[in-house]
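Please find below a colleague's note on the structure under review. It is set out as numbered points.

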Amino acid sequence: MTETVESASRVATGVPLIEMIDVGKSYGAIRAIKGISLTVRAGEVTCVLGDNGAGKSTLIKIMAGLHDHNEGTMLISGKETTFSSPREALAAGIATVYQDLAVVGLMETWRNFFLGAELVGSRIPFSGLRIREMKEIADQELRKMGVVVKDIDQPIGTLSGGQRQCVAIARAVYFGAKVLILDEPTAALGVKQSGVVLKYTAAARDAGLGVVFITHNPHHAYMVGNHFTILKLGQTVLDKRRDEVELDELTRQMAGGDELTELSHELKALGGMTSAIHTLDSEIEANEP
Ligand SMILES: Nc1ncnc2c1ncn2[C@@H]1O[C@H](COP(=O)(O)OP(=O)(O)OP(=O)(O)O)[C@@H](O)[C@H]1O
């Protein structure tokens with residue numbers, strides 16, 4: 001049975017919406033994640049950091065209903081749940097904004113905002129789509145989130161990557177998401193556009209949603225995060241609340257932490273070897289008749 005995440009407006013900040021307990025997932029013989037525990041709380045941003053292949057996508061696909069887990073437990077508002085489709089996760093209030101947004105580039109911004117959930121019919125029978133109302137709502141909702149598009153009729157493909165992410169976030173908030181999963185929302189963006197997306201991530205958090213923020217970038221995570229989990233080869237290597245961790249430690253762990261120190265020793269040793277070889281070469285050269 002599917003549990004629905006309680007209405008964000010009724011849930012106090014800090015209340016668990018999703019709890020993953022010792023969750024694991026294998027694709028055939030490949031164990032993608034193992035022993036992952038994390039909690040997504042109302043009004044907080046849970047950051048999941050990790051390099052390529054760390055298991056971030058696998059983790060969010062379980063929460064988003066694309067995959068099921070084969071180890072551990074997932075609780076939705078305290079009830080054990082396995083989603084059998086993305087539709088089920090969405091119905092439970094869990095919305096995912098993927099990096100390669102599913103938008104129709106040539107379609108107007110307002111149409112994309114309502115895509116698949118158009119307002120139809122009205123008091124007048126057979127009047128079709130309620131276009132004016134949809135335009136007004138899309139414009140209002142975007143403004144509420146602080147996104148100002150010049151013209152709501154503008155094709156979404158003409159907006160910047162950052163603005164498109166923001167439209168997707170505003171859309172999820174409007175349609176009542178309680179949990180918002182953001183899959184590397186700043187990965188393809190420059191500094192300014194990333195700043196814009198981070199601002200809307202914070203706005204969604206402040207509106208009471210539980211946000212899961214997937215990223216490679218510890219600086220971006222630290223700007224909005226309340227909790228940080230770093231994954232490496234499918235396992236948790238760091239799991240700390242904001243008051244337990246500094247940006248330096250996040251950056252060091254993401255850069256490879258102890259492994260990097262080891263690599264630097266190896267490179268130094270190699271450097272020593274290289275200069276020994278150079279010395280040897282020069283000596284041979286000098287002794288050649
Ligand atoms: N459908 C699949 N079939 C087989 N193996 C998979 C599948 N999806 C992911 N994997 C493997 O699971 C591991 C974790 O991959 P995952 O995509 O979850 O990591 P990620 O942290 O999201 O990486 P990236 O940042 O590159 O997307 C990797 O070893 C990957 O090759």
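1. Basis of the note. This is a predicted model, in which local features need pLDDT of at least 70 and side-chain atom pairs count only at pLDDT 80 or more, while totals for chains, interfaces and linings use all residues. Residues are numbered from 1 along each chain as its sequence is written.

2. Overall make-up. The protein has 9 helices and 10 strands; these are DSSP runs numbered from the N terminus, helices being H or I of at least four residues and strands E of at least two. Of its 289 residues, 38% count as buried, a residue being buried if 20 or more other C-beta atoms lie within 10 Å of its own, exposed if 12 or fewer, and partly exposed in between, with C-beta atoms placed from the backbone. Among contacts with a separation of 6 or more, 71% link residues 24 or more positions apart; a contact requires C-beta atoms, placed from the backbone, within 7 Å.

3. Ligand shell. The residues around the ligand are Tyr 27, Ile 30, Ala 32, Gly 50, Asn 52, Gly 53, Ala 54, Gly 55, Lys 56, Ser 57 and Thr 58, where a residue counts as near if its C-beta atom, placed from the backbone, lies within 6 Å of the molecule. By class, the shell has 4 nonpolar, 6 polar and 1 charged residues; Ala, Val, Leu, Ile, Met, Phe, Trp, Tyr, Cys and Pro count as nonpolar, Asp, Glu, Lys and Arg as charged, and the others, Gly among them, as polar. Both β2 (30-41) and α1 (56-63) supply at least two shell residues, and α1 gives the largest share, with 3 residues.

4. Sheet. Strand β1 (residues 16-27) is joined to β2 by 8 bridges and to β4 (residues 71-76) by 5 bridges. Glu 19 stands opposite Thr 39 in β2, and Ile 21 has Thr 73 of β4 as its bridge partner. The hairpin of β1 and β2 has 2 residues between the strands, and Gly 28 takes a positive phi near 60 degrees there.

5. Helix α5. Which elements do the buried residues of α5 pack against? They pack against β6 (94-97), α3 (109-114), α4 (131-144), β7 (179-183) and α6 (191-206). Because 12 of its 14 residues are buried, α5 is largely enclosed by the rest of the structure. Helix α5 (residues 161-174) reaches 20 Å from its first C-alpha to its last, close to the expected 20 Å, the expected span being 1.5 Å times one less than the number of residues. Just after α5, Gly 176 takes a positive phi of about 85 degrees.

6. Core. In the largest nonpolar core, of 65 residues, Met 63, Ile 169, Val 179, Leu 180 and Val 212 touch the most other members; such a core is a set of buried Ala, Val, Leu, Ile, Met, Phe, Trp, Tyr and Cys residues joined through C-beta atoms within 7 Å. The largest share of this core, 7 residues, comes from α5. Beyond its neighbours within four places in sequence, Val 212 is in contact with residues including Val 40, Ile 60, Met 63 and Val 179.

Definitions and conventions. Contact = placed C-beta atoms within 7 Å. Pairing = 2+ DSSP bridges.
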